[in-house]
Amino acid sequence: MPTRIDPTVSEKMQKTVNDDRADIIGAGTPEGGVGICGWILTALAWLMVICTLPFSLCVCIKVVQEYERAVIFRLGRLLPGGAKGPGIFFILPCIEDYTKVDLRTVSFDVPPQEILTRDSVTVSVDAVVYYRVQNATISIANVENANGSTRLLAQTTLRNVLGTKNLAEILSDRDNISTFMQVSLSFTYSQSKHVYAGEAFNTCP
């Protein structure tokens, strides 16, 4: 039986992608803001930059490539306005830190998984997954290790999907299985990643 994709899953995934009010950890401004200490440190950082011009520009000016974005934190807080780039951006020394995020498509192999099919046959299945980051800020602020999490989730999804299939269905219904994996992975990381494909390509009984 072909894998049926629940239309509500696709609708929810698309709705989440288009939601501009997505929760980003640290994006909100709690009462009190950075506080007096934060403003003093910011003023001192600006003073240090001005007093050491033009040498301070070597430390303050950063560049990210066309395929990269920079997520900036000031005193541990996420700066408003989203990720910076591509091109030149400015950071204050000592109080600001940034993380680069690569937006290019990434591919990785899912290690062979020993799976017990619905008709009690043990098979070894591996796969390949293609994905890219579509929201750099969320991928940094909401997930500790986005790349590692995607790899582990791909393994779990592969086992869960194929565990409900007979061996004959696994061998003959690869396209629908791949589509179901793609939708499942994209829905889980719909705010930060887009999964192009998740394909089971080698099955060994």
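This is a predicted model: local features need pLDDT of at least 70, side-chain atom pairs count only at pLDDT 80 or more; totals for chains, interfaces and linings use all residues.
Visitor: Which residue meets R104 in a salt bridge?
Guide: A salt bridge is taken here as a side-chain nitrogen of Lys or Arg within 4 Å of a carboxyl oxygen of Asp or Glu. The N to O distance for R104 is 2.7 Å, and its partner, at 33% relative accessibility, counts as partly exposed. That partner is D102.

Visitor: How many residues apart in sequence are the parts that R118 and E169 tie together?
Guide: R118 forms a salt bridge with E169, with the closest N and O atoms 3.5 Å apart. R118 lies in the loop between β6 and β7, whereas E169 lies in helix α6 (residues 167–172); helices (H or I, at least four residues) and strands (E, at least two) are DSSP runs numbered from the N terminus. R118 is exposed at 52% relative accessibility, while E169 is buried at 11%.

Visitor: How far apart are the closest N and O atoms of E96 and R74?
Guide: E96 is buried, with a relative accessible area of 10%, and R74 is partly exposed at 26%. The two form a salt bridge, one of three in the structure. The distance between their closest N and O atoms is 2.5 Å.

Visitor: What value of phi does C94 have?
Guide: C94 is found in the loop between β4 and β5 (96–102) and is exposed, with a relative accessible area of 74%. Although C94 is not a glycine, its phi is positive, at about 75°.

Visitor: What area does the nonpolar surface patch that includes I36 have?
Guide: Patches are made of residues with over 30% relative accessible area and no salt bridge, like charges being joined within 9 Å and nonpolar side chains (Val, Leu, Ile, Met, Phe, Trp, Tyr) within 5 Å; the areas come from the Shrake-Rupley method with a 1.4 Å probe, and for residues only the protein chains shown count as cover. I36 lies in helix α2 (residues 35–51) and is exposed at 69% relative accessibility. The patch is made by V34, I36, W39, I40, L41, L44, L47 and L75, and its area is about 790 Å².

Visitor: What is the volume of the largest cavity?
Guide: A cavity is a set of points, on a 1 Å grid over the protein atoms alone, where a 1.4 Å probe fits but cannot get out, and lining residues have an atom within 4 Å of a point. The points are joined across faces, edges and corners, and the volume is the space filled by probe spheres set on them. The lining consists of V71, I72, L78, L79, G82, A83 and T137. The volume of this largest cavity is about 30 Å³.

Notes. Residues are numbered from 1 along each chain as its sequence is written. Side-chain values use heavy atoms; hydrogens and water are left out. Buried means under 20% relative accessible area, exposed over 50%, partly exposed in between (1.4 Å probe, protein chains only). On a 1 Å grid over the protein atoms alone, a cavity is a set of points where a 1.4 Å probe fits but cannot get out, and a pocket is an open set with protein on both sides within 12 Å along at least five of seven lines; lining residues have an atom within 4 Å of a point.
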